[in-house]
Amino acid sequence: MSAVPVTKDGEPVSFYEIDEHEHPEGNSTMLGFWMYLMSDCLIFAVLFAAYAVLGNSYAGGPSPKEIFELPLVAVNTAMLLFSSITYGFAMLSMEGGRQRIMQMWLVFTGLFGLAFLSIEMYEFATLIHEGAGPTRSAFLSSFFTLVGTHGLHVTMGLIWLVTLMVQVQKHGLIPANKRRLLCLSMFWHFLDVIWIGVFTFVYLMGTLR
Amino acid sequence: MTDPQAPANNPHADHDHDNGAAHGTRGSYLKGFFLSVILTAIPFWAVMTGAFKEPSTAALVVMLFAAAQIVVHMIYFLHMSGKSEGGWTLMALIFTIIFVFITLTGSIWVMYHMNANMMPMQAAADM
């Protein structure tokens with residue numbers, strides 16, 4: 001009944017692309033990675049919501065004011081902020097093609113990240129030792145989940161950082177490595193943004209309550 | 001935007017240096033860093049010294065500083081702008097912010113009313 005529509009030359013009209021067009025490697029990686037970060041943001045949003053709901057349920061246990069040590073948190077915040085700026089300098093060196101200097105900045109970033117994690121581990125260990133572990137109350141469960149998830153992200157970032165440093169040492173600053181370093185850069189700065197939320201809503205506002 | 005070469009209107013143009021992501025400069029990173037230090041130090045100082053007598057005022061101030069610092073990080077460290085990736089990163093960010101807002105306010109609102117309307121333990125025991 002209906003004929004296949006053809007052009008003047010007798011070729012069938014194609015309503016969609018028949019041949020796969022070219023996708024340069026890594027062309028959409030940065031946007032894709034941004035999408036991942038946004039979905040990760042939702043995970044943290046849900047954990048923040050859980051903390052907001054459960055943060056007042058002490059079950060007769062300690063309140064935030066009694067257990068949070070703000071000077072320690074301030075030092076921790078500084079560590080993460082320093083690691084952000086050193087990673088930024090590493091990216092500038094990368095763009096200038098100065099591999100050795102970039103590696104040096106990445107080492108500094110890793111050390112600051114490690115310092116952050118060590119302080120957090122110390123804080124967690126102290127809390128658990130004082131009997132304020134995650135099983136004590138709903139407040140502490142949600143606290144450990146939220147802050148622990150952030151710490152886990154930083155741990156993963158550190159493993160990723162070391163992996164990339166080895167990759168760069170082996171293969172140099174090839175486009176693939178540059179792309180990976182840019183992704184880690186976004187990940188690392190993103191974790192710093194999440195930490196702003198953590199120290200504000202959990203530590204500072206917890207102390208105010 | 002400090003980078004005039006950012007390929008904003010032609011994302012598929014051949015450019016070998018990156019994938020359309022914007023760059024920072026030494027100056028922009030340092031600027032972001034110092035702004036962050038200030039925006040972190042003030043709320044910590046305010047809470048630790050008890051500069052505000054009213055806790056609700058202090059909470060509001062602390063939250064405003066956090067919001068400002070998040071914007072600083074987005075611009076100077078994550079190089080967010082309306083032009084990166086042809087505007088798609090900004091679209092994704094706006095969607096996420098809306099989603100986060102609904103999740104947070106919805107959870108807090110619903111759970112607060114659940115708690116407020118819950119039958120007291122004693123009343124339930126008397127029934």
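Begin with chain B, which is divided into domain 1, residues 23-79, and domain 2, residues 83-117. The model on the screen is a predicted one. Select domain 1 of chain B and then domain 2 of chain B; their centres, taken over C-alpha atoms, are separated by 21 Å.

Next, select the whole of chain A. Its secondary structure comprises six helices and zero strands, and the pattern read along the sequence is α-α-α-α-α-α. With a radius of gyration of 24 Å, well over the 17 Å that the globule rule gives for 209 residues, chain A is more spread out than a compact globule. Taken along the principal axes, the C-alpha atoms of chain A fill a box of roughly 85 × 55 × 25 Å.

The following stops concern pairs of helices. Two packed helices are described by the angle between their axes and the distance between the axes.

Within chain A, select helix H1, residues 29-54, together with helix H5, residues 138-171. The axes of H1(A) and H5(A) lie 7 Å apart, and the two helices pack at an angle of about 160°. H1(A) and H5(A) are therefore roughly antiparallel to each other, and their crossing is left-handed. To view the contact, display the side chains on each helix. H1(A) contributes Phe33(A), Tyr36(A), Asp40(A), Phe44(A), Leu47(A), Phe48(A), Ala50(A), Tyr51(A) and Leu54(A). From H5(A) come residues including Phe139(A), Phe143(A), Leu146(A), His150(A), His153(A) and Trp160(A). By class, the residues of the contact of H1(A) with H5(A) divide into 13 nonpolar, five polar and one charged.

The axes of H5(A) and H6(A) come within 10 Å and cross at roughly 160°. That angle makes H5(A) roughly antiparallel to H6(A). H5(A) passes H6(A) in a left-handed crossing. The residues of this contact of H5(A) with H6(A) divide into 20 nonpolar, six polar and one charged.

The crossing of H6(A) and H1(B) is left-handed. On the chain A side of the contact, select His189(A), Phe199(A), Leu204(A), Thr207(A) and Leu208(A) of H6(A). On the chain B side, select Tyr29(B), Thr40(B), Pro43(B), Phe44(B) and Val47(B) of H1(B). The residues of the contact of H6(A) with H1(B) divide into seven nonpolar, three polar and no charged.

Terms used
Residues are numbered from 1 along each chain as its sequence is written. Chains are lettered from A and ligands numbered from 1 in the order in which they are written. This is a predicted model: local features need pLDDT of at least 70, side-chain atom pairs count only at pLDDT 80 or more; totals for chains, interfaces and linings use all residues. Side-chain values use heavy atoms; hydrogens and water are left out. Domain bounds come from an automatic or database domain assignment. A crossing is left-handed if the near helix is turned anticlockwise from the far one by less than a right angle, and right-handed if clockwise. Helices (H or I, at least four residues) and strands (E, at least two) are DSSP runs, numbered from the N terminus. Contact means heavy atoms within 4.5 Å. Ala, Val, Leu, Ile, Met, Phe, Trp, Tyr, Cys and Pro count as nonpolar, Asp, Glu, Lys and Arg as charged, and the others, Gly among them, as polar. The radius of gyration is taken over C-alpha atoms; the globule rule is 2.2 Å times the number of residues to the power 0.38. Axes are lines fitted to C-alpha atoms, for helices over the stretch in contact, and angles run from 0 to 180 degrees between N-to-C directions. Angles under 35 degrees count as roughly parallel, over 145 as roughly antiparallel, 65 to 115 as roughly perpendicular and the rest as oblique.
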